[in-house]
Amino acid sequence: FPDIPLVLITHANQFMIQETMYFGRTSFEIAEKVENVWQQIMKQYLEFSSKSIYFQAKNSGHYMHLTEPELILTGVQYLDTL
């Protein structure tokens, strides 16, 4: 993988746990395990580049570009600093 700028923005855990419980019709325990694995996998992407940065959308689920567009802008602005 080329050493290019990489911006990782993930959703908030509590939002996705609730969504997984509702749409997946599962328990809190299972939804929490799924979310923890998802976050671990996502954070491994940071190892692909020395120019990576991580943000978490604290108030968003899947549609963070709609609920926290300023965070997306922050990610894009980070790319401009390199």
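His 11 sits in the loop between strand 1, residues 6-10, and helix 1. Helices here are DSSP runs of H or I with at least four residues, strands are runs of E with at least two, and both are numbered from the N terminus.

Quick housekeeping before I go on. This is a predicted model, where local features need pLDDT of at least 70, side-chain atom pairs count only at pLDDT 80 or more, and totals for chains, interfaces and linings use all residues. Residues are numbered from 1 along each chain as its sequence is written, and side-chain values use heavy atoms, with hydrogens and water left out.

How confident is the predictor? pLDDT is its confidence in each residue, from 0 to 100. The protein averages 93, and 100% of the residues score at least 70. Confidence is highest in helix 2, at 96, and lowest in helix 4, residues 69-80, at a mean of 91.

Now the overall layout. We've got four helices and two strands, and from the N terminus they run β-α-α-β-α-α. The C-alpha atoms fill a box of roughly 45 × 25 × 15 Å along the principal axes. Of the 82 residues, 24% are buried. Take contacts, meaning heavy atoms within 4.5 Å: among those between residues at least 6 apart in sequence, 69% join residues at least 24 apart.

Back to His 11. What does it touch, leaving aside neighbours within four places in sequence? The list includes Met 16, Glu 35, Trp 38, Gln 39 and Gln 56. Also on that list are Ala 57, Ser 60, Gly 61 and Met 64.

Two of those partners deserve a look of their own. Met 16 is in helix 1, residues 13-24, and it counts as buried because its relative accessibility is 13%. Again leaving aside neighbours within four places, Met 16 is in contact with His 11, Glu 35, Gly 61 and His 62. Met 16 and Glu 32 are 16 residues apart in sequence, and their C-alpha atoms are 8.7 Å apart in space.

Beyond four places in sequence, Gln 39 is in contact with Thr 10, His 11, Asn 13, Tyr 54 and Gln 56. From Gln 39 to Glu 68 it's 29 residues in sequence and 19 Å in space, C-alpha to C-alpha.

The protein exposes about 5,800 Å², and carbon and sulfur atoms supply 60% of it; areas come from the Shrake-Rupley method with a 1.4 Å probe, and for residues only the protein chains shown count as cover.

Val 34 is in helix 2. It is partly exposed because its relative accessible area is 44%. Val 34 and Pro 2 are 32 residues apart in sequence and 29 Å apart in space, C-alpha to C-alpha.

Tyr 45 is in the loop between helix 2 and strand 2, residues 52-56. With a relative accessible area of 36%, Tyr 45 is partly exposed.

Last one: Arg 25, in the loop between helix 1 and helix 2. Is Arg 25 buried or exposed? At 78% relative accessibility, it counts as exposed. What is its phi? Positive, about 50°, although Arg 25 is not a glycine. Most residues other than glycine have a negative phi.

Methods:
Buried means under 20% relative accessible area, exposed over 50%, partly exposed in between (1.4 Å probe, protein chains only). pLDDT is the predictor's confidence in each residue, from 0 to 100.
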